[in-house]
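Hi everyone, thanks for coming. Please take a moment to look at the model on the screen, and then I'll walk you through it.

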Amino acid sequence: MNKIKISAKNIDVFYGDKQALFDVSMDMYEKEVTALIGPSGCGKSTFLRCINRMNDVIDICSVKGNVSIDGHDIYDKSIRVESLRESVGMVFQKPNPFPKSIYENIAYGPRIHGIANSKTDLDEIVETSLQKAALFDEVKDRLHQPGTGLSGGQQQRLCIARAISVNPEIILMDEPCSALDPIATAKIEDLMSELKKEFTIIIVTHSMQQAARVSKNTGFFHLGKLIEVDSTDTIFSNPGNQKTQDYITGRFG
Amino acid sequence: MMKDHIVSAYDAQLELVNSNLIKMGGLVEDQLRNSLQSLSNKDTSFAEQIIFDDHKINALEKEIDALTYKIIAMRQPLANDLRVVLSALSISNDLERMGDHATNIAKRVANVKINLPDAPTIEIVKMGEDVQFMIKQVLDSFVKKSDKLAIKAWDSDVNIDDSYLNIYRELLETMAGNPDTITGCSHLLSIAKNIERIGDYVQNIAEDIHFIVTGQALERKSEKRINWEEINQ
């Protein structure tokens, strides 16, 4: 087992008066894929968004508890949210490229974070990011055309390329394949098995089969609580909790 | 109590696998009972009927196979559902083999034209009845999804192995004492072996049921081991 990369302890999240997460504690390991599953509204995305403080942008949202990355509390006052988000990238359900060229989509982050100093540096970052996202060969001849002109699956890989362009350590994926067809989904999954060699990946997915295929550990959320977290093998073959079993076998309701 | 699936057609498919397995188990029970009866009564025409009946068991195995493939393709079962579906394939395969062994007994009854010695025949029928009880036990454990009953059925096999060994010894002695009995006793040895094998398949099924219920492989050793030294004397 790899070392703990992210450790969440006793996380409560409130949206105004409404509590969305209840005392969630979970460790996620370096250079592994951790899947978060559970029915809609169970809190898995809310939990994911605690890891890069995306919940900060929602005024009525408050987070209690502790999230640490490599042992450092990310909610500490000394932490700059911008640098946190540099090391914790995110990919969303719907591909959301900027309305700019493919090149600019990727160059934007390194430029604003001051990672690239010259045009040559930027060119190199754009190329390697696209290569790591398994997109380079498909777009190398049209880098200056709009990113929005790509197919859905390509756009999603462009968003992944954009996320990794700033050298993050962690990539959060919130249902990254739910808007994609099976072929584009397979490409993303194939890509994930490459990316995990370099990055720690946390994925929220509604596809049980996807969680079973891509992840090493899986956490099951229900009604804002983490019901069970275990190796993916165990969760999908012989889970310890009846609620987990009911959910993954399609008996919830 | 297991909750229903959200998709009720899935429940219906799993229930069909379940009921087909129980039906198949019942047919195998009948097949062995009838074979033993034809053996005790030396009833060749009944034996012919039993041989014919074997196709019903084979047909059910094919039906269960087709259904489980369909469920895997359509539903991608997980956890306990996956164990049930995979075990159903293995259980139906074992039941089909048990049916073949029972049918083999009837084949000998139907086709062997010489008299089989009475005393060992009675012993063999007795052993067959014990195996029938094991089949009943293991089917009960399947219906009730009870790993405890499955273990009971599994454990019973040691008695069958003992009986088989005694019959084996007895038949050797009979043959040694009177070479005229060699042909008849050889047939009986084969029949005894058929029955003993059925007991082994019951153990396989008991292991599958234990796996369905607990998610764990059944790790168990027989209490007694065959004493080869004694046999070699």
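Let's begin with a term: a salt bridge is a side-chain nitrogen of Lys or Arg within 4 Å of a carboxyl oxygen of Asp or Glu. A:Lys197 makes one with A:Glu194, and their closest N and O atoms are 2.9 Å apart. Before I go on, some ground rules: this is a predicted model, where local features need pLDDT of at least 70 and side-chain atom pairs count only at pLDDT 80 or more, while totals for chains, interfaces and linings use all residues. Residues are numbered from 1 along each chain as its sequence is written, chains are lettered from A and ligands numbered from 1 in the order in which they are written, and side-chain values use heavy atoms, with hydrogens and water left out.

Back to our pair. I'll call a residue buried under 20% relative accessible area, exposed over 50%, and partly exposed in between, using a 1.4 Å probe and protein chains only. A:Lys197 counts as exposed because its relative accessibility is 55%, and A:Glu194 is partly exposed at 46%.

Now, how many salt bridges does the structure hold over all chains? There are 25. Another one joins A:Lys5 and A:Glu169, at 2.5 Å from N to O. I'll mention helices and strands from here on; they are DSSP runs numbered from the N terminus, with helices being H or I of at least four residues and strands being E of at least two. A:Lys5 sits in strand S1 (residues 4–15) of chain A, whereas A:Glu169 is in the loop between H6 and strand S7 (170–174) of chain A, and the two are 164 residues apart. Is A:Lys5 buried or exposed? A:Lys5 has 4% relative accessibility, so it counts as buried.

The next bridge is A:Glu189 with A:Arg213, where the closest N and O atoms are 2.7 Å apart. A:Glu189 lies in helix H7 (residues 182–195) of chain A and A:Arg213 in helix H8 of chain A, so this pair ties together parts 24 residues apart in sequence. A:Glu189 is buried, with a relative accessible area of 12%, but A:Arg213 counts as exposed at 52%.

Let's step back and look at chain A as a whole. Chain A has ten helices and ten strands. Buried residues make up 52% of its 253 residues.

Helix H3 (residues 102–112) of chain A has several buried residues, including A:Ile102, A:Tyr103 and A:Ile106. The buried residues of H3(A) pack against helix H4 (119–132), helix H5 (136–139) and helix H6 (152–164) of chain A. Just after H3(A), A:Gly114 takes a positive phi of about 70 degrees.

Next, A:His222, in strand S9 (residues 217–222) of chain A. A:His222 is buried, at 14% relative accessible area. Contact means heavy atoms within 4.5 Å. Leaving aside neighbours within four places in sequence, A:His222 is in contact with A:Pro39, A:Cys42, A:Ile227, A:Lys243 and A:Phe252.

Over in chain B, B:Thr68 is in helix H2 (residues 44–75) of chain B. B:Thr68 is buried, with a relative accessible area of 0%. Not counting residues up to four places away in sequence, B:Thr68 touches B:Val17, B:Val85, B:Ala88 and B:Leu89.

Finally, where the two chains meet. The contact takes 13 residues from chain A and 16 residues from chain B. About 1200 Å² is buried between chain A and chain B, with carbon and sulfur atoms giving 45% of it. Buried area here is the accessible area (1.4 Å probe) that two parts lose on being put together, summed over both. Across this interface the rule finds two salt bridges. In one of them, the side chains of A:Asp246 and B:Lys3 meet at 3.0 Å, N to O.
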